[in-house]
Amino acid sequence: MTHAIQDVVVRDIDPVATEEITEVLAAAMGDGAVARWLMPDAALRRESSPEYFAIFAEHAVRHGEVYASVDPIDGKLSGVALWFPLTQAIPPPVDYDSRLKEVTGPAFDRISYLDAALEAEHPLVPHHYLAFIAVRPDRQNLGIGSSLLARHHARLDRAALPAYLEANDPRNRELYLRHGYVSRPPVLLPDGPPVWPMWREPLV
C-alpha cells in the first residue's frame, strides 16, 4: 500500500525487506553523537553499524510496524520509521544479548548501559514507541521525517493512543517538539551526549 503525504510517498514496508532498512539506518545514524559515544573507534562503527541496526530492523518487521519513504526517481528508500505498538507485551529481539555482544565487541558494555538507562525511563502505560526514524543524509531537510511522523500520528490520533521516543540530538528534539511531543529531563550518559525522552498525547 502507498500513501502520498506532503509530496513524499510513504508506504508500508515488505516484511522481508530488511537490508535496505538497515542501510538507511546505518547511513543516517551511524556517525551521530550517541553512535560516536557508543563506539568511539570510527572503523568499528563503520563495520558494526549495519549489523547492529539489522537486529532492530528484523525485530520491527516481526513485531512492529515499519514505514518508509520512497525516492520517486530511483525507487530506493530515502527514510524509514520503526514503530513498536506497546499496547501488549512484545518479546525482545531473538538472542539479543549474545548477538549484540558478537556485533559490537568492545562497545557492548556502553550499549548495555544505554539500554538500561533508556529502559528505566520508558513509560509503562500503553503507547506506541518510535524506536528509530532515519533519513538518508542526501535526502534530509526535505520534509521526509515529518511525513513519516505524520503517517503514524494520524493513526494514533484516531485510536487515541500516545507515542513515546528518545531524541538523540537537539535538532531531532526540535522536530519532535513541533510534532506535539513534550520533552522530559534528559538521560545523561557518562562523558557523553544527552538523550531526551519525549511523550506525545493523541490529538482527539
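**Charged pairs**

I looked up the salt bridges and found that the structure holds 7 of them, a salt bridge being a side-chain nitrogen of Lys or Arg within 4 Å of a carboxyl oxygen of Asp or Glu. I note that this is a predicted model, in which local features need pLDDT of at least 70 and side-chain atom pairs count only at pLDDT 80 or more, while totals for chains, interfaces and linings use all residues. Residues are numbered from 1 along each chain as its sequence is written, and side-chain values use heavy atoms, with hydrogens and water left out.

I took glutamate 58 and arginine 99, which form a salt bridge with their closest N and O atoms 2.8 Å apart. This pair links distant parts of the chain, since glutamate 58 is in helix α3 (residues 42-63) and arginine 99 in helix α4 (residues 96-104), 41 residues apart; helices (H or I, at least four residues) and strands (E, at least two) are DSSP runs, numbered from the N terminus. Glutamate 58 is partly exposed at a relative accessible area of 21%, and arginine 99 is partly exposed at 27%, where buried means under 20% relative accessible area, exposed over 50%, and partly exposed in between (1.4 Å probe, protein chains only).

I then looked at arginine 200 and aspartate 157, whose side chains meet in a salt bridge of 2.9 Å, N to O.

**A buried charge without a partner**

I looked up glutamate 166, which lies in strand β6. Glutamate 166 is buried yet has no salt bridge, and the nearest side chain of opposite charge, arginine 184, is 9.2 Å away (Lys and Arg count as positive and Asp and Glu as negative; His and the chain ends are not counted). The side chain of glutamate 166 does make a polar contact with the side chain of tyrosine 129, at 2.6 Å; a polar contact is a pair of N or O atoms within 3.5 Å, and within protein one must be able to donate a hydrogen and the other to accept it, while residues adjacent in sequence count only if both atoms are side-chain atoms.

I asked which residues of the largest nonpolar core touch the most other members. Of its 42 residues, these are Ile21, Leu25, Val80, Leu82 and Phe132, a nonpolar core being a set of buried Ala, Val, Leu, Ile, Met, Phe, Trp, Tyr and Cys residues joined through side-chain atoms within 4.5 Å. The largest share of this core, 8 residues, comes from α3. Apart from it lies another core, of 19 residues, among them Trp83 and Val135.

I looked up leucine 149 in helix α6, and it is buried, with a relative accessible area of 0%. Leaving aside neighbours within four places in sequence, leucine 149 is in contact (heavy atoms within 4.5 Å) with residues including Trp83, Leu130 and Tyr176. Leucine 149 and tyrosine 176 are 27 residues apart in sequence and 8.8 Å apart in space, C-alpha to C-alpha.
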